[in-house]
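This briefing sets out the fold, the surface and selected local features of one protein chain. Please have the sequence and the model at hand while reading.

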Amino acid sequence: MKIVNRLVVLVLVTLLNVNTGVAQSKSKVKKLSDDERMAWWRDAKFGMFIHWGAYSIIGGERGTKIAGGGAEWAMDKLDYTVKDYEQFPKMFNPTLFDADAWVKMAKDAGMKYIVITSKHHEGFALWDSKVSNYDVMDTAPFKRDVIKELSVACKKAGIIFCVYYSIVDWHHPQAQGNLYPNYNIAQHDDPSVVNPEFPQYFKNYMKPQVKELLTNYGDIGVVWFDGDWISDYTTEMGKELYNFIREIQPNTIVNNRVDKGRTGMDGMNNKPGQFAGDFGTPEQEIPDTGIATDWEACMTMNGTWGYKPSDTNWKSSEDLIEKLVDIVSKGGNFLLNIGPDGFGRFPAESIRRLEAMGQWTKKNGEAIYGASASPYEKPKWGRYTKKGDVLYAHVFNWPKDGLLKLNKDIKFKKVTLLTNPGVALNALKTSSEVVVDVPMMSPDAPVTVVKIELAK
Ligand code: FHN
């Protein structure tokens, strides 16, 4: 073959081998089965959600105005233009940020994974993105890669590191950065408002940013998408993104908001032809009964995801512990939110609740981690969880007469208090219930766990 022809063939072969678009690095990691991949997440049960960004400086307030709802929506709710809002990333300098301290508070609370807002709707990235200067390294005086520091701290502590990423971007002109004065209009108010350049944002900005998060920060346990509701974003984009992620890190888990149309209680996609990622994401609510597939309820401790000092509507520690039990008894995970302030501090009210939950999970974690949903209807006094041939009765309302009445179908071998395994409790099976003789006072308020070793 003439040299010229050979050269032409060589050039053609080279061109065919070059990936178009974003170069994709194929992982060499062993691809687990779905059950193997979900195993750690199903056992973990309890994670920390962290909403942190430039909005954490604003605290939901502008002059006399206080943003309704979540303070992480300050840019929209307090009517900032893109230019006005850019002042806040330019002053983002949370010198009290201590990743190890944050991770310790999560771990001591009994949380097994952390999901941090790497980029919320405001568009400001908490990592050193090469796709954008609107990030903590180029725009902010802080010049520390928050995602790097937190991922390293998580790895050191054995906590699974996960990232939240907003599909919605109120700063990027090819997303919703062109919609002042109402960034919300293209989301909930008027889905007919679209940006014809959104596909370019998706291909040339969003995907490269997601690739950065999955390439530069070690193993990513979960990519937690949000903002799926905008009409610019399609199920096809979601499927492309899901496959893109799994090619870079095959065993990363992706929530259902990678797709569109999550609805109602279960946060699952109910529309035909839509896929629902790997788990459902009911928000600020707990399904009344379990859901057939994997699911995680995400919830705030007060009424806001982002830091908002005016929001003093804090859930009690007792309520949060009961919510954890309720969720696990229905087969779900609990992703509980912290909104650190603009200095990098967790609010004191949040720390108090984390410590109270840690005291409870330390004593009762056996009945939570790795446990499965209750095999019985929820009893009036509390909830059941189960692990192998052990049933756990989590008692919220302690019986005043010292007689705990369990489901009549329970066949038991031994009944004890989880925190006092050496003392067998008297239990009697009748035709209508199993009655257990318990102490007059609840030994481990707010939720005492009775351990029931089941007979075969
Ligand atoms: O708009 C966001 C909101 O700010 C927050 O991030 C929650 C957390 O799941 N998700 C969206 C509202 O559904």
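In this predicted model, the protein presents an accessible surface of about 19,400 Å², and carbon and sulfur atoms account for 55% of that area. The chain forms 11 helices and 18 strands. Its radius of gyration is 25 Å, close to the 23 Å that the globule rule gives for 456 residues, so the protein is as compact as a globular protein of that length.

**Overall dimensions and packing**

- The C-alpha trace spans about 90 × 70 × 40 Å along the principal axes of the protein.
- Of the 456 residues in the protein, 54% are buried.
- Among contacts with a separation of 6 or more, 70% are made by residues 24 or more positions apart.

**Charge**

- The protein carries 56 positive and 56 negative charges.

**Helix α6**

- Helix α6 covers residues 99-108, and Ala99, Trp102, Val103 and Ala106 are buried in it.
- Viewed down the axis of α6, these buried residues fall within an arc of 95 degrees, so they line one face of the helix.
- An α-helix has 3.6 residues a turn, so residues three or four places apart point the same way.

**Helix α2 and the residue after it**

- Helix α2 is formed by residues 34-44, and its buried residues are Arg37, Met38, Trp41 and Ala44.
- These buried residues fall within an arc of 105 degrees when seen down the axis of α2, so they too line one face of their helix.
- Lys45 follows α2 and has a positive phi, near 65 degrees.

**Asn184 in its loop**

- Asn184 is located in the loop between β5 (160-166) and α8 (198-216).
- Is Asn184 buried or exposed? Its relative accessibility is 11%, and buried means under 20%, so Asn184 counts as buried.
- Leaving aside residues up to four places away in sequence, Asn184 touches Trp73, Asp76 and Asp189.

How values were computed:
Residues are numbered from 1 along each chain as its sequence is written. This is a predicted model: local features need pLDDT of at least 70, side-chain atom pairs count only at pLDDT 80 or more; totals for chains, interfaces and linings use all residues. Side-chain values use heavy atoms; hydrogens and water are left out. Helices (H or I, at least four residues) and strands (E, at least two) are DSSP runs, numbered from the N terminus. The radius of gyration is taken over C-alpha atoms; the globule rule is 2.2 Å times the number of residues to the power 0.38. Buried means under 20% relative accessible area, exposed over 50%, partly exposed in between (1.4 Å probe, protein chains only). Contact means heavy atoms within 4.5 Å. Accessible areas come from the Shrake-Rupley method with a 1.4 Å probe; for residues, only the protein chains shown count as cover. Lys and Arg count as positive and Asp and Glu as negative; His and the chain ends are not counted. The place of a charge is taken as NZ of Lys, CZ of Arg, CG of Asp or CD of Glu. The arc is that of the directions from the helix axis to the C-beta atoms.
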